[in-house]
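Biologist: I would like to learn how to read ring pairs, disulfides and residue contacts from a model. Please take one feature at a time.

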Amino acid sequence: MASKIKSLLTLLIGLTFIGPIAVAETFVTIGTGGVTGVYYPAGSGICKLINSDLPSHDIRCAIESTGGSVYNLEQLAIGGLDLAIAQSDVLFHTYHGTGDSGDTPGHTTLRALFAIYPEPFTVVARADSGINSFEDLKGKRVNIGNPGSGQRDTMEVIMQAYGWTVSDFSLVSELRSAEQSKALCDDKIDAMVFTVGHPSRSIKEATMTCQTKIVSVTGPIIDELIEKNDYYRKATIPGGMYDNNPTDITTFGVGAIFVSTTNLPNQTVYGIVKSLFDNFAAFNALHPAFSNLTKAQMIDENLPAPLHEGARKYFMEKGLL
């Protein structure tokens, strides 16, 4: 009996020197986009801010470069990603199941955390291409974006509105965002399209390397798209942001949305949102596309998918909703 008591005391004394049991960390992965787009550095910045606040929530973050919005949302729906950045139009159609076929089941577990920044639909053409408007793309060599990307999805919507198919171009390429600027300057394509936040590394590369111009995307067909779809709105690319493009460019665009699913616990989402919004000045400094954002712009009940309850809890506590 005495030996048993001695063994028990030895065990208890040993436990006192082990110290407190560490709390298990939660690991999350953010799906972004191509490395020359804005999603990748934006997601990297968000991840960095989450990780810097690790002691307060025990959430550790990593990012993944992906093909873009469509891929990101598909992976969220099947559990391949925990969080992602996606275009508002792609999120709307994926949530509601209202894509091109019109009969795809909606991924109703998707949830929005907040809007991030505006993404104008941007057409960049070679200066010698004769392209001065979106309509001038017809008959030209155009990169419409890789399958699974938001730029491809938006381009297909516009093509459908114009009654165009890929046969209306002399050549169609499906290059990723990291490849298209080089192709433009190597004279392999006449124009590229990109749905992206500004300034964009890819567009800077194109405008600095060769003679290019950013083309306005306007007209009655675009006006009708904006009128019929709440996730579209008119947008301006400021003059002087890119070399050889001194004047404002009028176009339309969507928004970049930070997205998860109902599978990510409310407490985890609450901790992520708190890390970003409690350190909002640091958030604004993460990327030039974030610099002029306000909390009011980012928090909206009319997002393309329902607001995640973890985010709602934080916004309600802070009086932001």
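This is a predicted model: local features need pLDDT of at least 70, side-chain atom pairs count only at pLDDT 80 or more; totals for chains, interfaces and linings use all residues.

Biologist: Where in the chain do F134 and W164 lie?

Modeller: F134 is in the loop between β4 (110–126) and β5 (141–143), and W164 is in the loop between α6 (150–162) and β6 (171–173). The pair links distant parts of the chain, 30 residues apart.

Biologist: What kind of pair do F277 and Y314 form?

Modeller: Their pair is tilted, with 50° between the planes and 6.3 Å from centre to centre. F277 belongs to helix α10 (residues 266–277) and Y314 to helix α13 (residues 309–317), so the pair ties together parts 37 residues apart in sequence.

Biologist: Are F277 and Y314 buried or exposed?

Modeller: Here the value to read is relative accessibility, and under 20% means buried. F277 counts as buried because its relative accessibility is 3%. Y314 has a relative accessible area of 1% and is therefore buried.

Biologist: Let us turn to disulfides. How many does a search of the whole structure find?

Modeller: The search finds two disulfides. With bonded cysteines counted along the chain, their pattern is 1-2, 3-4.

Biologist: Which cysteine is bonded to C47, and where do the two lie?

Modeller: C47 forms a disulfide with C61, and the sulfur atoms are 1.8 Å apart. The link is left-handed, with -110° about the S-S bond. It joins distant parts of the chain: C47 is in helix α2 (residues 39–52) and C61 is in strand β2 (residues 59–64), 14 residues apart. C47 is buried, because its relative accessible area is 5%. C61 counts as buried too, at 8% relative accessibility.

Biologist: What is the S to S distance between C185 and C210?

Modeller: That disulfide has an S to S distance of 2.0 Å. The angle about the S-S bond is -70°, and the link of C185 and C210 is left-handed. C210 counts as buried at 12% relative accessibility.

Biologist: Now single residues. Which residues are in contact with R176, leaving aside neighbours within four places in sequence?

Modeller: A contact list of this kind shows what a residue meets from other parts of the chain. For R176 the list is T66, G67 and N146. R176 is found in the loop between β6 and α7 (177–185), and at 36% relative accessibility it counts as partly exposed. A polar atom of the R176 side chain lies 3.3 Å from the backbone oxygen of T66. R176 and N146 are 30 residues apart in sequence, yet 5.2 Å apart in space, C-alpha to C-alpha.

Biologist: What does L175 touch?

Modeller: Not counting residues up to four places away in sequence, L175 touches N143, G145, N146, Q180 and A183. L175 is in the loop between β6 and α7. L175 has a relative accessible area of 23% and is therefore partly exposed.

Biologist: Which side chain does R152 join by a polar contact?

Modeller: The side chain of R152 meets that of E156 in a polar contact of 2.8 Å. R152 lies in helix α6 and is buried, with a relative accessible area of 13%. Beyond four places in sequence, R152 is in contact with I144, G145, N146, P147 and E174.

How values were computed
Residues are numbered from 1 along each chain as its sequence is written. Side-chain values use heavy atoms; hydrogens and water are left out. Helices (H or I, at least four residues) and strands (E, at least two) are DSSP runs, numbered from the N terminus. Rings of Phe, Tyr and Trp (its six-membered ring) pair if their centres lie within 6.5 Å; planes under 30 degrees apart count as stacked, over 60 as edge-to-face and the rest as tilted. Buried means under 20% relative accessible area, exposed over 50%, partly exposed in between (1.4 Å probe, protein chains only). Contact means heavy atoms within 4.5 Å. A polar contact is a pair of N or O atoms within 3.5 Å; within protein, one must be able to donate a hydrogen and the other to accept it, and residues adjacent in sequence count only if both atoms are side-chain atoms. A disulfide is a pair of cysteine sulfur atoms within 2.5 Å.
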